[in-house]
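Please open the model in your viewer and keep the selection panel at hand.

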Amino acid sequence: VNLRRLGEKLGLLVLTPELDRELERDVVVGHVSDMLSDVLAHAPAGAVLVTIQVHLNVIAVGSHAGLAAVVFAAGRRPEEDVRRKALEERLVLFASPEPAFEVVGRLYAFGVKGRHA
Amino acid sequence: MTPGAIVSAARARGLDWLALCDHNSARNAAAVAEAAAGNPAVTAGIEITTAEEVHVLGLFPDPQAASAAGAEVGRTLPPNTPEAVRRFGEQHVLAADGRTAGREERMLCAASMLDLSAAVALIHRCGGLAVAAHVDRPSFSVFAQLGVYPAAAGFDAVEISAANASPPWAAQLRALPVPVLRGSDAHFLSAIGDAATRLRLEQPTLAELRLALAGYEGRAVLR
């Protein structure tokens, strides 16, 4: 399932609508963590990350780990500089008012599964 | 951990200087300074838990500056409840003689709502030095929470704790862009002095520490 459709199905807010091409990307793996050292070490390439961590480093670490997208859960919203960096790195960002557990559950129901890198 | 016991432990370990850095509070530093009466020198500090759950040490020129910073941190913490007291224990504010002079009304073990840059800015605004705490440790350290060193945060130094752990980011620790201090991160009397920083400076004041971090006029952080 591609990111755009996933966002629609899960009711996610697209924070980077400029990334047209990246939103067409399919995702089949996911990762959930608020510790970016764990994301660096364990998030599989191509994953969608669900997190409540909104520091700018999410983008640097996310790019390094080769993430396809990040969902900021629980109503957390990053600052504009985070979004700008994501556009530079072509990393799709979503936001959701739902708790991280709920977001992950819905992703799983759409066939996105977890595994360690 | 009464002021008198902290001072005795520091003297027994031969420390010339200590920084008292309670979690999210600076209200005990003046009492420890009073109990120490200059031996050892006491710097008023705080260990702020940022919104990212990174621990940041603030070291201040005097207890008033530390209190000002601590009060701002406190305003962003949830209130302490009887239930929290039962679970996590009392949060005493002590007088120099060890008697309870008051209680912290905020839950000090919680994360503040200040993000990293706001916490560092607050410390600087109050005249303090901002130090990334126990960067070798897997919990509440800047590397554990943020993966890579956030150079833009504006730390004046980083602290490696007595644990002196070898984390997955050990290579990053060897290439830090700021001076490295050693601290015990003591949570118990017995841990006071388990690690310490050797400094060459004129006197144990924050102004001199600032010069030592810059390597100015013979002052230095020694290996």
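**Stop one: strand β7 of chain B**

Select β7(B) and show its side chains: A157(B), E159(B) and S161(B) point one way, V158(B) and I160(B) point the other way, and all are buried. Buried here means under 20% relative accessible area, with exposed over 50% and partly exposed in between (1.4 Å probe, protein chains only). In a regular strand, side chains alternate between the two faces of the sheet. Five of the five residues of β7(B), residues 157–161, are buried, so the strand is largely enclosed by the rest of the structure.

This is a predicted model: local features need pLDDT of at least 70 and side-chain atom pairs count only at pLDDT 80 or more, while totals for chains, interfaces and linings use all residues. Residues are numbered from 1 along each chain as its sequence is written, chains are lettered from A and ligands numbered from 1 in the order in which they are written, and side-chain values use heavy atoms, with hydrogens and water left out.

**Stop two: the neighbours of β7**

Strands pair if DSSP finds at least two bridges between them; strands (E, at least two residues) and helices (H or I, at least four) are DSSP runs, numbered from the N terminus. Centre on V158(B), the bridge partner of A132(B). V158(B) also stands opposite V180(B) in β8(B). Four bridges join β7(B) to β8(B), residues 180–183, again in parallel.

**Stop three: the whole sheet**

Now select the six strands of the open sheet in chain B, in the order β1-β2-β3-β6-β7-β8, with mixed pairing. β1(B) (17–20) and β8(B) stand at the edges with a single partner strand each, so one side of each is left without a neighbour in the sheet. For an antiparallel pair, pick β2(B) (residues 41–49) and β3(B) (residues 55–59), joined by five bridges. There, I46(B) has G58(B) as its bridge partner.

**Stop four: the interface with chain A**

The buried area, meaning accessible area (1.4 Å probe) lost on putting the two together and summed over both, is about 800 Å². Carbon and sulfur atoms give 54% of that area.
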